[in-house]
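I am opening a new notebook page for this model. The entries below record what I looked up, in the order I took it.

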Amino acid sequence: MFSDPFVTGLLGLAAMFALIVLQVPVGIAMGLTGVVGCGLIIGFGPALTLLATEPSSAMSSEGYAVIAMFLLMGNFAHVGGLSRELYKLAYVYLGHLRGGLVFATVGACAGFGAICGSSVATAATMARIALPEMLERGYAKSLAAGSIAAGGTLGMIVPPSVVMILYGILTENSIIALFLAAIVPGVIAVVFYFIAVFIVVRRNPEAAPVGEKAPWAERRRVTIQSWAVVLLAVMVSGGIYSGIFTVSEAASVGASVALLLAIFRRRLTVKNFLAALGDTAANTGMIFVMIIGASVFSYFATLSGLPAATVSWIQGLGLPPFLVLMLLMLFYLILGAIFDTIAAMVLTLPFVYPLILGLGYDPVWWGVINIVVIELGMITPPIGINVFVLHGMAKDLPLSTIFRGVVPFIFADVARLVVLITFPALSLWLPGAMGWL
Amino acid sequence: MNTAQKIDRITQNAAVIGFSGLVVMALLITWDGAARYLWLPRISGFSDYGEVVFPIVIASCFPAGLLRQTNVTVRVFGTLGGPRLHAALEAFGALLTLAFFGLLTWQFIRLTGQFESGGRTTRTIGLPLAPYWYVVTAIMAVCVPVQVYVAWSWIKAALRGDTPDIAALRDAEEDLADFEG
Amino acid sequence: DMIKVGAFVPEQSTGVAKVIKPWLEAVQAEAGDTVKMQPFWGGTLGKDPFKQFELVQNGVADVTWVLPGYTAGQFPEMGLFELPFFFRTAQEASTVGWKLNEMGLLTGFDGVHVVGFFAAEPNAIFMKTTVESLDGLANLKVRSAGAIQAKWLESLGAAPQTLSSAEFNEGISRGTVDGAIQGWTGMKTFKSLPLVDQAIEAPAGAIPFLLLMNERKWEGLTPELQEIVMKHGGMAFAEAGGEAYASAGAAIREEVKAEGRIAIMELSDEELAKYEEAAKPIHDEWIASTPNGQAVYDAAVKLLADMRGES
Ligand code: NA
Ligand code: NA
């Protein structure tokens, strides 16, 4: 039965999904099926050694270390109070609209996305700052929670983005090109979320009160107070795009400056310094276990020849590429129902990436589309990680309420996806114009 | 303080100490980057230090993650069935995780042995790899007893139909994120 | 029987297209149905350039293309090829390398069998930040492919950084490095030529390459197959490799010269002599720090003298 690597490949894939459903951690399931599958093809002696060469390669790579650096930067920025300042900044300009706090939340999520690489971290941070305030002022619970859960996904789409770095390393695409490609889609995301909020409060005015307009003196004061967050975002993004820093230097500079800001503003205590390190460590560990598992599994996938066979099979069907793309979108929506972003990315990449290249699509463009469609899964039922994070932080908010609040944002996400697929130039123009394609 | 919390304190300290190394690397990389523009002396063979420090940093967070079970897991069945089914599935996942880290440790010992006998060094300034990888391997080895404890806790829980102490550590993880200055 | 042959670079690169793939095809043609030579180009059997030795040592791949410089410390005698101003052509380095191996002077092949040795044409220095002379490298950050080049760069006052070719590309376009020690073929393969403005033709060592087979795999082959593998490996492989890199390097250099964008700086004979003399301490230091260094160095000097006398 195992004489045919292709059959072994299919069985391995099935075994991996079975283990995942049986509550084996995703990275472990990939790593174990990968090593057993490789063992059946090349012998268990050599296959087992992959459990050292692959982790040691990932763990000593500066590229992967960047992921930990960006997580560190986001945590130090939060310790330094930068997330709260962002929220205030967005509020003084948007708070006077109907649903002003919701607009401010979405805006602050996008801003925090520029100094934080993760979707869950953005949602959790903003939940702590914006949720109590919205509930206090009589905003509908569903709208308040939904906007934060959805706004959190901006953390992964607005560069820097951990999952984008992962995609860049795994597919050997330029991380800078990917970051640049995500800028316009990030702006579109914010605009579409604003439109969604606008429609909701228009149709249901009780969902959100009208706030007071901040006087210009107040706006100026708050704007000046937000110098630190602007400095950090400009140093990191500007540093990368202008060519002053490499990506890894930018992440290190970002983490260092965020730490110095927290010290300088006397916000750093031993307790929150340790908590910031602990949180960075927990998330780094989680990501690395998946990177290690995925790298062993993708060895198995290559050896089995399954990805190549799948690609030529699909190409042999003679379907129009666009239809294949639509089927992939559907596939990712289903996958996103269960998996978190990084898991969905590393699980599918060995199979989907060659297919996308085979269909003649641009790898950088696909990086953006792939992240957008997988991020959609973070807020869709039954398992939407961001929704769970909010529920975990405010236990009196039922899951059903949050999922209800997320619905308008899901429509906005789907609309964005359609626009980005229809007009690839929205993603590719900027990196192309800056010479990164 | 129960046993789970005592072990948690140790693994958490290890992670925090390891990740202090990440902070130091961030500051050094910042220095090296700034030195380029300020005409300050550069650090020779700088990437060599990362090559040996990053593995130790990354390894240091594995024991804590195993104990708190923060690894991404799809818990569909467990939440549908009763506590006994949940504990049984957790025990199954924990045992396979134990097998995985056992194999990792074994292979890390082999790899470090190969580094040692081959006299392997970093690329530019020739730091010997083996001493650093002994540290990494030692940390990986710590993962094994930690995971034995996790698996054993869930097996007991499955037999008794209750919830083990380590389940509470995962909730502690969420509270920890609340650390604004 | 199947032999999985891996290379972390694409099929079109000089080493694969002109050296390893012809070897693979020659073995396949002569061995016929008794073996299936299965290629895995472009890193499909392992992308990380720094892990290629472990992959073949552990038997994940049966045969791989290994760059000794990426496995620092493992092959101590390989530093010889990196010595600046020692080898003048790819043919010299390739032939001498294989002969040294036959004499049993090369070590570090734990768990592997050496199918072939070859070397690229001697490196040049490619700069984004142009300089007037080698002394102008002081305080500039220059990519080296190994520790010896790094020491030589340091002796010129430069700050060496050991980077893979891909890392170098990012570094030079970001401005984090100012230039690189690299071969003409390497510059072409990794698409680095558009990123530099100057080429300094100082023979800054040659990059040695190994084609290694897992030892158990080797021992499991029939004697007939072993003979076929080595008939196209060994000396024939070294000659083919040296020839391929020399002509590929020369062709690329001509192309670049015709295009005229990159300034090519040739060192005068006096300058060459001066820097060769200045590099002697690097040679001596390598001899002193390498267990069998003196014997290897002397053997190589003798082989070189024979070769140069013949031609
Ligand atoms: Na972000
Ligand atoms: Na979902």
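The entries go chain by chain and then turn to selected sites.

**Conventions.** I am working from a predicted model, in which local features need pLDDT of at least 70, side-chain atom pairs count only at pLDDT 80 or more, and totals for chains, interfaces and linings use all residues. Residues are numbered from 1 along each chain as its sequence is written, chains are lettered from A and ligands numbered from 1 in the order in which they are written, and side-chain values use heavy atoms, with hydrogens and water left out.

**Chain A.** I looked up the secondary structure and found 23 helices and 0 strands in chain A. Helices (H or I, at least four residues) and strands (E, at least two) are DSSP runs, numbered from the N terminus. I then checked the radius of gyration, taken over C-alpha atoms, against the globule rule, which is 2.2 Å times the number of residues to the power 0.38. Chain A has 22 Å, in agreement with the value near 22 Å for a compact globule of 437 residues. Along the principal axes, its C-alpha atoms fill a box of roughly 75 × 45 × 45 Å.

I noted that 64% of the 437 residues of chain A count as buried. Buried means under 20% relative accessible area, exposed over 50%, and partly exposed in between (1.4 Å probe, protein chains only). I took contact to mean heavy atoms within 4.5 Å. Among contacts in chain A between residues at least 6 apart in sequence, 79% join residues at least 24 apart. The accessible surface of chain A is about 14,600 Å², and carbon and sulfur atoms own 72% of it. Areas come from the Shrake-Rupley method with a 1.4 Å probe; for residues, only the protein chains shown count as cover.

I counted charges with Lys and Arg as positive and Asp and Glu as negative, leaving out His and the chain ends. Each charge is placed at NZ of Lys, CZ of Arg, CG of Asp or CD of Glu. Chain A carries 19 positive and 17 negative side chains, with the centres of the two sets 16 Å apart.

**Chain B.** I read the pattern α-α-α-α-α-α-α along the sequence of chain B. The radius of gyration of chain B is 20 Å, well over the 16 Å from the globule rule for 181 residues, so chain B is more spread out than a compact globule. Its C-alpha trace spans about 65 × 45 × 30 Å along the principal axes. I found 54% of the 181 residues buried. Chain B has 13 positive and 14 negative side chains, and the two centres lie 7 Å apart.

**Chain C.** I found 12 helices and 11 strands in chain C. Its radius of gyration is 19 Å, close to the 19 Å that the rule gives for 311 residues, so chain C is as compact as a globular protein of that length. Chain C exposes about 11,600 Å², with 53% supplied by carbon and sulfur atoms. I counted 25 positive and 42 negative side chains, their centres 5 Å apart.

**Sodium site.** Which residues coordinate the sodium ion (ligand 1)? I listed A:Gly113 (O), A:Cys116 (O), A:Gly155 (O), A:Val158 (O) and A:Pro160 (O), at 2.2 to 2.4 Å. Donors are N, O and S atoms within 2.8 Å of the metal (3.2 Å for Na, K and Ca); water is not among the atoms, so sites may look incomplete. The donor spacing in sequence is G-x2-C-x38-G-x2-V-x1-P. A:Cys116, in the loop between α6 (100-113) and α7 (119-136), and A:Pro160, in the loop between α9 and α10, are 44 residues apart and link distant parts of chain A. A:Cys116 is buried at 5% relative accessible area, and A:Pro160 is buried at 2%.

**Helix α10(A).** I checked residues 162-171 of chain A and found 8 of the 10 buried. Among them are A:Val162, A:Ile165 and A:Tyr167. The cover includes α4 (62-79), α16 (270-304) and α20 (363-376) of chain A. Just after the helix, A:Glu172 takes a positive phi of about 55°.

**A:Gly367.** I placed A:Gly367 in helix α20 of chain A. A:Gly367 is buried, at 0% relative accessible area. Not counting residues up to four places away in sequence, A:Gly367 touches A:Tyr167 and A:Leu178. Its C-alpha atom is 9.0 Å from that of A:Ala182, 185 residues away along the chain.
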